[in-house]
Amino acid sequence: MYKGGYAGKLLRINLTDRSSQEEELPEELVKNYLGGAGFAIKYLYDEVKPKTPALDPANKLIFAVGPLTASGAACASRMSVVAKSPLTGAVGMALSGGQFPAEMKMAGYDVMIIEGRAEKPTYVAIKDGQVRFRSAEKLSGMLTTDTQLIIKDELGDQNYRIACIGPAGEKLGPMACIVNERRAAGRKGLGAVMGSKNLKAIAIRGSNRPNVVDAEKFKKARQAMNQAMKDSPVLYPQFSKSGTPMVVDATSGMGIYPINNWTATGEIDMVKGLGDAAQAKMIVHKAHCHDCPVGCSQIKLVTSGPYAGYMSEGPEYETTYSLGSTLGIDYLPAVIAADRLCDEYGIDTMSAGVVIGFAMELYEKGIVTKKDTDGLELKFGNHGILLEMLRKITYREGIGDILSQGTRKAAEIIGKGSEDYAMHVKGLELPAYDVRGAKAHGLNYATAYTGADHNRGYAFQEIFDIPVPEQVDRMAIEGKGRLTKWNQDVRSVTCDCAPMCAFLLDMAVPGIACRNTADLVNAAAGTDFTPEDIEKIGERLNNLARLFNIGEGFTRKDDTFPKRLMTEAIKAGPSQGQLISQADLDAMLDEYYDARGWDKDGNPGEAKLKELGI
Ligand code: SF4
């Protein structure tokens with residue numbers, strides 16, 4: 001069925017017996033799951049038995065790219081990394097851009113499955129089909145930048161692309177991430193899965209771009225996409241210059257930017273120091289992912305004050321919230337320093353920040369005291385404790401050990417009613433949109449297969465007022481079930497399977513996403529997908545992931561929100577008075593399950609599974 005586009009191979013790496021083997025990429029897999037997250041979740045579902053502990057050698061760590069990776073299509077820079085998550089217990093799927101994904105494709109692989117556990121710290125070096133297992137003993141405990149530099153030196157080739165873990169992954173912290181250059185597969189603790197396998201890094205180098213089957217058709221499809229990007233009033237004029245921090249201004253203006261662990265959303269004055277204008281002053285350099293003409297990444301440097309010398313690629317919108325506003329911190333230099341430290345430790349900026357915000361609220365309420373914090377004053381706004389808290393979480397010291405396990409688990413350990421202040425869904429900490437004022441965005445948090453994850457079904461209709469497929473009222477309940485299904489399915493296939501950068505979907509191509517993906521993939525791979533086939537693949541993926549989670553014991557009761565969102569209204573600003581009651585949630589869930597062909601408990605029905613060929 002496919003004639004090009006794909007590398008056509010899967011690489012299995014077994015760390016237990018230090019072996020590797022190549023397999024042909026199955027045609028059926030391409031037809032039903034397209035690539036990226038589709039491939040990876042299919043292998044997870046087929047090969048990791050229900051209830052396998054996430055840090056057991058039997059869990060698998062799967063890297064997957066798609067037919068557009070390294071094809072020359074704009075912003076097809078992503079890879080999907082998948083395992084059972086140690087943070088949520090559900091499907092753990094994180095995306096990362098940068099250069100590693102394209103290098104993996106050029107090294108000859110669409111999928112890499114990491115199995116077993118190495119006896120000693122190990123890294124794997126892969127070059128055009130040759131796999132070597134190398135000792136990482138001297139890299140143990142090393143930060144991520146140094147790890148990458150030393151591996152490149154050791155391999156004698158500065159062009160290797162490296163995905164690695166830092167100390168947080170080695171300490172098996174369930175919020176640990178995988179870092180490649182200055183990018184991260186950040187969420188759901190996949191760095192801990194890598195650490196549990198005693199795998200410090202994968203270094204990869206390739207020299208073969210896959211062939212494009214029909215160059216003329218591919219050029220035409222690329223032109224259509226490029227034109228949509230040029231026509232976007234936001235993508236080049238604003239996003240290219242400001243990057244994701246521009247969204248701080250947008251959501252603050254809507255009154256949905258969370259502050260002080262979601263107790264002060266709408267208090268716009270509190271985040272003035274974090275907005276686009278403040279961030280722009282700190283930019284010293286810009287960066288691009290592979291084949292990206294947009295280049296939204298900004299390198300920011302602190303040049304004076306207590307954090308002078310810290311530099312980070314970011315902070316992105318989400319990190320500005322998690323290490324800034326939700327901690328009551330609007331001092332950008334502190335956020336930049338904390339962002340950099342998270343990347344060096346290999347810890348997810350979002351989960352790490354939200355769990356600190358949770359601890360701050362407990363401290364202010366007297367549930368946690370100075371006795372528990374080794375004397376640190378965990379007050380909202382106190383940026384002086386931020387770097388030390390990140391260090392404690394990474395190395396699992398004192399209260400850091402409790403918090404390192406994520407907000408859900410920390411609340412269980414601390415008790416005393418602390419769960420009421422724990423901002424997570426299914427164990428994944430909430431992203432930076434107070435969904436009391438954006439209901440479809442919220443329903444996605446409640447139902448996404450990875451937990452509270454803005455990336456699984458971003459409601460750009462509510463956040464950017466884009467009327468595709470229709471105009472919506474962000475406060476309304478009705479219609480949000482159907483909209484969320486559409487958002488999740490289209491995003492899953494175009495951004496997670498093809499895969500292309502999600503910012504294109506949000507800002508440039510929402511109306512033509514499935515058509516354009518079909519055109520690009522067909523021209524590159526010689527396939528014959530229709531736009532309907534493409535959308536169906538997104539639906540199939542969401543159903544398969546749901547089945548995996550059902551096998552882990554997740555039910556309708558897990559499709560929910562933190563208590564605060566359902567019982568406390570937003571107190572100030574343009575979204576004042578908004579909440580999502582239990583009745584609102586039930587109505588949205590009923591509509592969503594119905595749109596999905598699932599029963600009232602959220603189980604995919606037999607007819608739906610048959611229709612999808614699962
Ligand atoms: S728009 Fe930004 S995140 Fe997306 S591919 Fe380009 S640089 Fe990477």
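The turns below go through selected elements of the structure.

User: What kind of model is this, and how are residues numbered?

Analyst: This is a predicted model, in which local features need pLDDT of at least 70 and side-chain atom pairs count only at pLDDT 80 or more, while totals for chains, interfaces and linings use all residues. Side-chain values use heavy atoms, with hydrogens and water left out, and residues are numbered from 1 along each chain as its sequence is written.

User: How many residues of strand β5 are buried?

Analyst: Strands (E, at least two residues) and helices (H or I, at least four) are DSSP runs numbered from the N terminus, and buried means under 20% relative accessible area, exposed over 50% and partly exposed in between, with a 1.4 Å probe and protein chains only. In a regular strand the side chains alternate between the two faces of the sheet. In β5, V91, M93 and L95 point one way and G92, A94 and S96 the other, and all are buried. For the strand, residues 91–96, the count of buried residues is therefore 6 of 6.

User: Which residue of β5 is the bridge partner of S80?

Analyst: Two strands pair if DSSP finds at least two bridges between them, and β4 (residues 79–84) pairs with β5 in the antiparallel sense over 6 bridges. The two strands form a hairpin with 6 residues between them, and G89 in the turn has a positive phi of about 80 degrees. Within β5, the bridge partner of S80 is L95.

User: How are α13 and α14 oriented to each other, roughly parallel or roughly perpendicular?

Analyst: Axes are lines fitted to C-alpha atoms, for helices over the stretch in contact, and angles run from 0 to 180 degrees between N-to-C directions. Helix α13 (residues 349–365) and helix α14 (residues 386–395) pack at about 110 degrees, with their axes 11 Å apart. Angles under 35 degrees count as roughly parallel, over 145 as roughly antiparallel, 65 to 115 as roughly perpendicular and the rest as oblique. The two helices, α13 and α14, are therefore roughly perpendicular.

User: How many disulfides does the structure hold?

Analyst: A disulfide is counted as a pair of cysteine sulfur atoms within 2.5 Å. The sulfur of C75, a residue buried at 2% relative accessibility, has its closest cysteine sulfur in C292 at 3.6 Å, which is too far for a bond. Likewise, C177 is buried at 1% relative accessibility, and its sulfur is 8.0 Å from the closest cysteine sulfur, in C342, again too far for a bond. The number of disulfides in the structure is 0.
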